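Subject: Handover of a structure for your review

Dear colleague,

Please find below the structure that I am handing over to you.

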Amino acid sequence: MLETTLTTLNGLPPFLAYFAVAVALFVAFSFIYSWVTPHHEFELIRANNVSAALAFGGALIGFALPLSSAISHSLSILDCAIWGAVALVVQVLTFVVLRVLVRQLPERITKGEVAAGALSAAVAIAVGHINAACMTY
């Protein structure tokens with residue numbers, strides 16, 4: 001029993017390493033995404049803006065999907081970090097492109113238009129799924 005437990009715990013260091021990389025990338029994505037968007041997600045969410053919460057939550061889920069794929073399919077911590085960074089860039093660019101396609105998207109989110117926040121979330125999650133699928137090399 002003790003031997004089995006110790007064998008199982010051999011996976012703890014790699015788990016912690018991958019988890020630390022994932023948390024660092026997730027925090028980096030949160031700040032970069034918030035910096036790229038002209039509206040202030042954290043302030044809007046504190047003010048109970050549902051549209052901003054939907055849009056930001058969708059962006060976080062949209063990034064977490066390919067990040068989890070990068071973790072699952074990576075060959076090493078460095079490989080995971082590189083593909084996590086690729087996912088970050090793709091997901092940030094998703095908002096940039098959506099902002100061009102949907103007129104006044106940031107302003108509409110700031111005004112609390114739920115449709116704008118929901119669309120932003122849906123696109124981020126959809127692109128996140130595609131992004132994740134592309135990482136199954």
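Predicted model: local features only at pLDDT ≥ 70, side-chain atom pairs only at ≥ 80, totals over all residues.

Residues are numbered from 1 along each chain as its sequence is written, and side-chain values use heavy atoms, with hydrogens and water left out.

Overall fold

The chain has seven helices and zero strands. Here helices (H or I, at least four residues) and strands (E, at least two) are DSSP runs, numbered from the N terminus. In order from the N terminus, the elements read α-α-α-α-α-α-α. The C-alpha trace spans about 60 × 30 × 20 Å along its principal axes.

Of the 137 residues in the chain, 36% are buried. Buried means under 20% relative accessible area, exposed means over 50%, and partly exposed is in between, with a 1.4 Å probe and protein chains only. Contact means heavy atoms within 4.5 Å. Among contacts between residues at least 6 apart in sequence, 76% join residues at least 24 apart.

Helix α2

Helix α2 comprises the 25 residues 12–36. At 1.5 Å a residue, it should span 36 Å, and its end C-alpha atoms are 36 Å apart, so the two values agree. The expected span is 1.5 Å times one less than the number of residues in the helix.

The buried residues of α2 are Y18, V21, A22, L25, F29, S30, Y33 and S34. The elements that cover them include α3 (41–46), α4 (50–73), α5 (77–101) and α7 (114–133).

Y18, in helix α2, is in contact with I71, S74, L75, S76, I77 and C80, leaving aside its neighbours within four places in sequence. From C-alpha to C-alpha, Y18 is 12 Å from S69, although the two are 51 residues apart in sequence. S72 is 54 residues from Y18 in sequence and 9.9 Å from Y18 in space, again C-alpha to C-alpha. S72 belongs to helix α4 and counts as exposed because its relative accessibility is 58%.

A85 lies in helix α5 and, at 35% relative accessibility, counts as partly exposed.

Packing of α5 and α7

Two packed helices are described by the angle between their axes and the distance between the axes. For α5 and α7, the axes come within 10 Å and cross at roughly 145°. Axes are lines fitted to C-alpha atoms, for helices over the stretch in contact, and angles run from 0 to 180 degrees between N-to-C directions. The crossing of α5 and α7 is right-handed. A crossing is left-handed if the near helix is turned anticlockwise from the far one by less than a right angle, and right-handed if clockwise.

On the α5 side, the residues that meet α7 are A87, V90, Q91, T94, F95 and L98; their counterparts in α7 are L119, S120, V123, A124, V127, G128 and N131. By class, this contact has eight nonpolar, five polar and no charged residues. Ala, Val, Leu, Ile, Met, Phe, Trp, Tyr, Cys and Pro count as nonpolar, Asp, Glu, Lys and Arg as charged, and the others, Gly among them, as polar.

Cysteines

The structure holds zero disulfides, a disulfide being a pair of cysteine sulfur atoms within 2.5 Å. C80 is in no disulfide, and the nearest cysteine sulfur, that of C134, is 17 Å away. C80 is buried, because its relative accessible area is 0%. C134, at 59% relative accessibility, counts as exposed.

Backbone points in the loops

N48, in the loop between α3 and α4, has a positive phi of about 70° although it is not a glycine. N48 is exposed, with a relative accessible area of 65%. Q104, in the loop between α5 and α6 (105–110), has a positive phi of about 55° and is likewise not a glycine. Q104 counts as exposed at 55% relative accessibility.

With kind regards
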